[in-house]
Amino acid sequence: MKITVKTGDVTRLEVPALVVNLFQGVTEPGGAIGAIDRALDGAISQLISDGEIKGKEGEICLIHTLGKINPARVLVVGLGTVEKFDAQVVRRISGDAVRYLRQRGITSAATIAHGAGVGGLDPAASGQAIAEGTTLGLYRFSAYLSDRDGRAPDFTELTIVEQDAQRVESIQEGVELGQVMADAAILARDMVNEPANIMTPTKMAGVAAQVADAEGLEFTVIETAQMREMGMGALLGVAQGSEEPPKLIILTYTGDPDNPDNNLGLVGKGITFDTGGISIKSAGGMEAMKGDMAGGASVIAAMQIIGRLKPKINVTGIVAAAENMPSGTAQRPGDVVRAMNGKTIEVINTDAEGRLVLADALCYARQQGIRRLVDVATLTGAMVTTLGKVCTGVMGNNQELIEATIGAGTETGERFWQLPMFDDYKDLIRSDVADMKNSGGRQAGSISAAFLLAEFVDDAAWVHLDIAGTSTSERAKGHLVKGATGVPARTLAQLAITLAAR
Ligand code: BES
Ligand code: MN
Ligand code: ZN
């Protein structure tokens with residue numbers, strides 16, 4: 001979709017639809033919507049006084065203008081209350097509005113910069129949120145649909161119209177930033193939505209290589225033989241049941257070459273399919289486990305943003321990619337594996353494979369001298385039980401980095417919530433035969449998983465993000481659509497930007 005920003009009079013635009021907004025509780029529309037209301041002889045104020053438009057967030061009212069003004073239709077979208085308003089509201093309503101138009105066969109529209117007036121939003125933030133909300137809200141994964149004729153045609157063009165010429169440039173800058181962010185989230189979504197017979201560890205490495213090529217990043221893959229030499233027994237144990245060779249994928253961005261210690265490592269779980277292994281999962285819903293590489297996808301996508309925006313910090317993206325299969329060569333419950341740092345793990349449950357592959361990826365990051373680490377993983381079903389699909393669970397050993405990550409999420413509109421890491425939880429993964437066991441049983445499943453990871457970060461500042469719930473959405477809502485969300489690619493990149501600015 002093409003987004004342009006220009007100055008002009010909203011009543012004179014020759015467009016099939018014009019998107020305007022209304023805050024909840026406003027009875028006399030002002031600004032752009034006020035001008036349109038007057039040109040429509042008070043049609044909008046009439047709808048408000050009749051109670052058909054309330055301005056509730058996400059509410060949409062379509063008015064045909066019948067030649068009274070140039071836009072053929074006016075779409076009034078509710079922004080909710082002024083108190084709850086922020087850029088995230090703009091992101092959501094932008095997605096809802098363009099999907100509404102597309103469903104009705106409308107393929108282009110104009111909009112005002114939502115919230116940049118009464119809402120008090122910075123014009124650049126509004127432009128960014130509109131670009132992200134529309135681009136992400138229009139996303140469809142249709143690679144394998146033979147018949148695309150029956151569906152609504154693509155929405156191709158959005159014009160943001162601003163009265164004040166001085167604001168056009170900042171809105172434009174916001175739009176460009178939003179497009180970089182949305183492009184990457186879409187890359188992550190595509191990787192996650194792709195079936196596991198296509199998105200293999202080898203294919204993930206291929207996508208990472210393309211990103212590296214396009215953005216000028218360094219690209220390395222550690223293959224099976226080298227994993228053996230390096231002692232990555234935990235990662236190899238997971239991969240040994242599959243015909244697909246595992247890959248440890250590494251993307252390096254050097255934005256601060258004079259300060260090698262100014263670094264950040266992003267480590268993603270890249271299980272391209274999780275059957276559970278010998279501790280096999282039940283059949284119902286198992287297809288969703290093609291998305292068990294969402295953490296890795298978000299890391300690759302974040303590296304794309306970082307490569308484009310070039311913050312002054314060194315960032316290494318690491319993806320532990322493997323397939324978890326049951327077979328004659330698969331690891332068994334009771335097996336003991338040794339990770340790269342020498343620590344041993346009793347594999348109680350082969351379905352707790354994410355923490356195993358991450359253990360070696362985190363060791364590798366430490367060996368590379370990375371001092372701040374953020375890992376991202378669809379790690380535990382317990383996370384979905386705890387926080388649902390609303391926010392990502394955050395754990396870690398460094399409150400400052402935890403808060404920086406949560407803060408980056410406030411900027412991007414991706415939500416995070418911290419879970420406790422009281423030492424007592426560590427008892428859950430105590431093993432009689434090895435240094436730890438890979439399953440802590442039914443209690444505090446997400447936290448016991450984090451405690452296993454903590455054994456492999458040494459003294460680095462570390463944050464763990466469990467995206468088991470947030471990596472996919474059950475339905476279209478705002479900037480999200482059914483399927484992969486691309487979370488938390490935008491936040492990981494934002495974190496790198498925030499840390500670079502400190
Ligand atoms: N990939 C799953 C976690 C998951 C579940 C992600 C549902 C998204 C949706 C992970 O590998 C897993 O199987 N975890 C087990 C751990 C248990 C065996 C200790 C789980 O959560 O049941
Ligand atoms: Mn599993
Ligand atoms: Zn898994």
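Nine of the 10 residues of helix 13 (residues 445–454) are buried, so this helix is largely enclosed by the rest of the structure. Here buried means under 20% relative accessible area, exposed means over 50%, and partly exposed is in between, with a 1.4 Å probe and protein chains only. The buried residues of helix 13 are Gly445, Ser446, Ile447, Ser448, Ala449, Ala450, Phe451, Leu452 and Leu453. Helices (H or I, at least four residues) and strands (E, at least two) are DSSP runs, numbered from the N terminus.

This is a predicted model, in which local features need pLDDT of at least 70 and side-chain atom pairs count only at pLDDT 80 or more, while totals for chains, interfaces and linings use all residues. Residues are numbered from 1 along each chain as its sequence is written, chains are lettered from A and ligands numbered from 1 in the order in which they are written, and side-chain values use heavy atoms, with hydrogens and water left out.

Turning to the whole chain, we find 14 helices and 19 strands. The radius of gyration, taken over C-alpha atoms, is 24 Å, close to the 23 Å that the globule rule gives for 502 residues, so the chain is as compact as a globular protein of that length. That rule is 2.2 Å times the number of residues to the power 0.38. Buried residues make up 58% of the 502 residues, and of the contacts with a separation of 6 or more, 77% are between residues 24 or more positions apart. Contact means heavy atoms within 4.5 Å.

The interior can be described through its nonpolar cores, each a set of buried Ala, Val, Leu, Ile, Met, Phe, Trp, Tyr and Cys residues joined through side-chain atoms within 4.5 Å. In the largest core, which has 55 residues, those touching the most other members are Met191, Met204, Leu264, Leu266, Ile300, Val315 and Val374. Helix 9 (residues 294–309) gives the most to this core, with nine residues. A second, separate core of 51 residues includes Ala239, Ile250, Val357 and Ala449. Val374, leaving aside its neighbours within four places in sequence, is in contact with residues including Leu264, Leu266, Leu401 and Leu495.

Ala320, in strand 10 (residues 314–324), counts as buried because its relative accessibility is 0%. Beyond its neighbours within four places in sequence, Ala320 is in contact with several residues, among them Lys247, Gly268, Ile271 and Val357. Asp154, by contrast, is found in the loop between helix 4 (123–137) and strand 6 (157–162), and it counts as partly exposed because its relative accessibility is 45%. Not counting residues up to four places away in sequence, Asp154 touches Thr107 and Arg140.

Some details of the backbone also deserve a look. Most residues other than glycine have a negative phi, and most peptide bonds are trans. Lys310, although not a glycine, has a positive phi of about 50°; Lys310 is found in the loop between helix 9 and strand 10 and is exposed, with a relative accessible area of 54%. Asp458 likewise has a positive phi, of about 60°, and has its place in the loop between helix 13 and strand 17 (461–466), where it is exposed, with a relative accessible area of 58%. Finally, a cis peptide bond with omega of about 0° joins Val487 and Pro488, and Pro488 is in the loop between strand 19 (483–484) and helix 14 (489–500).
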